[in-house]
Amino acid sequence: MTLPFPPRYSIAVAEPIDGIEVLVSPKHKTKSREATRLVLDENGYSRMGIKLTLNSNIQEGFGLGSSTTDVVATIRATARLLGLQLKDSTIFCLAVRAEAASDGTMFTGNPRLVCPREGTVLERFERKIPEFSLISVNVAPDRPVDTLAHPPIRYTGDEIREFGELRKLLRRALENGSLGGLGEIATRSAVINQRYLPQPHFDSLLELSQSTNAFGLQVAHSGRMVGMFLDPRLEKDEKSVEHIRRELLRLNLFSEFFRSGEISVQDCW
């Protein structure tokens with residue numbers, strides 16, 4: 001599940017050009033080039049040329065959804081140029097084809113549990129995520145993650161069974177508006193992820209979360225961002241929040257404080 005964060009965004013501009021090339025600026029945005037080509041080919045415009053210009057304020061390689069945001073903006077811009085109206089489910093499938101795995105940030109409304117490598121929605125929930133506060137840190141700002149370099153994770157049978165249990169708990173937590181339940185689910189998922197993409201300081205962060213009565217940890221499973229769920233009524237200048245941030249500084253981790261009501265939460269982790 002994904003946490004959309006409106007202060008971070010990508011802007012894509014698609015313009016027709018002579019020829020049949022797809023030119024992308026910046027040049028390293030190859031996933032967006034592929035997304036443009038897919039939209040053209042799938043809709044009968046394979047002989048059309050496009051110049052695509054992208055502008056993003058999202059740091060790449062840390063699990064902030066930079067590539068998905070680029071790709072979704074690209075698909076929407078290309079579709080608008082062609083006069084097409086694409087469903088969010090179609091955008092999701094195209095995004096997966098363009099980048100191998102995609103976040104679900106193209107969807108709005110109630111939370112969705114998605115298959116990022118299949119482009120399908122497993123479940124759409126009727127209740128929204130309860131509000132929370134979040135202390136977020138980048139645990140390895142000098143070590144971004146290249147998702148294309150990581151093969152798909154092969155989970156064990158026990159882990160797959162645990163994910164099934166977590167899905168049931170997720171449904172129940174949303175029905176009851178339980179932030180504690182969500183924190184438990186996120187923490188257990190983060191522990192499993194630690195076996196495949198280890199995050200520095202994870203044990204210390206988990207211990208800090210437990211010792212300060214936080215609701216749990218959430219981890220960007222394809223990056224380096226780790227967040228600690230807190231009571232939504234907390235302000236960033238309260239003693240408990242300041243204590244956590246001081247402890248993070250002892251680990252040389254610089255944190256940011258957010259409240260979900262201020263960032264238009266759709267889904268989480």
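A crossing of two helices is called left-handed if the near helix is turned anticlockwise from the far one by less than a right angle, and right-handed if clockwise. With that in hand, here are my notes.

1. **What you are looking at.** This is a predicted model, where local features need pLDDT of at least 70 and side-chain atom pairs count only at pLDDT 80 or more, while totals for chains, interfaces and linings use all residues. Residues are numbered from 1 along each chain as its sequence is written, and side-chain values use heavy atoms, with hydrogens and water left out. Helices (H or I, at least four residues) and strands (E, at least two) are DSSP runs, numbered from the N terminus.

2. **Helices H4 and H5.** H4 passes H5 in a left-handed crossing. Their axes (lines fitted to C-alpha atoms, for helices over the stretch in contact, with angles from 0 to 180 degrees between N-to-C directions) come within 9 Å and cross at roughly 160°. H4 and H5 are therefore roughly antiparallel to each other. For the angle words, under 35 degrees counts as roughly parallel, over 145 as roughly antiparallel, 65 to 115 as roughly perpendicular and the rest as oblique.

3. **Who meets whom there.** Contact means heavy atoms within 4.5 Å. On the H4 side, the residues that meet H5 include Phe163, Leu166 and Leu170, and their partners in H5 include Leu182, Ile185 and Ile192. Sorted by class, this contact has 9 nonpolar, 2 polar and 5 charged residues. Here Ala, Val, Leu, Ile, Met, Phe, Trp, Tyr, Cys and Pro count as nonpolar, Asp, Glu, Lys and Arg as charged, and the others, Gly among them, as polar.

4. A salt bridge is a side-chain nitrogen of Lys or Arg within 4 Å of a carboxyl oxygen of Asp or Glu. Glu162 and Arg188 make one, with their closest N and O atoms 3.1 Å apart. This pair links distant parts of the chain, since Glu162 is in H4 and Arg188 is in H5 (residues 179–194), 26 residues apart. The cut-offs are under 20% for buried, over 50% for exposed, and partly exposed in between (1.4 Å probe, protein chains only).

5. A search of the whole structure finds 14 salt bridges. One of them joins Arg97 to Glu42, with the closest N and O atoms 3.3 Å apart. Asp158 and Arg161 form another, at 2.5 Å between the closest N and O atoms. Both Asp158 and Arg161 lie in H4 (residues 157–176), 3 residues apart, about one turn of the helix. Asp158 is exposed at 56%, and Arg161 is exposed at 56%.

6. Lys29 sits in the loop between strand E2 (22–25) and H1. Its relative accessible area is 8%, so Lys29 is buried. Apart from neighbours within four places in sequence, Lys29 is in contact with Val24, Leu54, Glu60 and Asp70.

7. **Helices H2 and H3.** The axes of H2 (residues 66–82) and H3 come within 10 Å and cross at roughly 125°. H2 and H3 are therefore oblique to each other, and their crossing is right-handed. Among the H2 residues in this contact are Val71, Val72 and Ile75, while those in H3 include Ile91 and Leu94. By class, this contact has 7 nonpolar, 2 polar and 3 charged residues.

8. **Backbone details to check.** Most residues other than glycine have a negative phi, and most peptide bonds are trans. His201, which is not a glycine, has a positive phi of about 70°. Asn213 is not a glycine either, and its phi is positive at about 60°. Asn213 lies in the loop between H6 and strand E7 (216–219) and is exposed at 67%.
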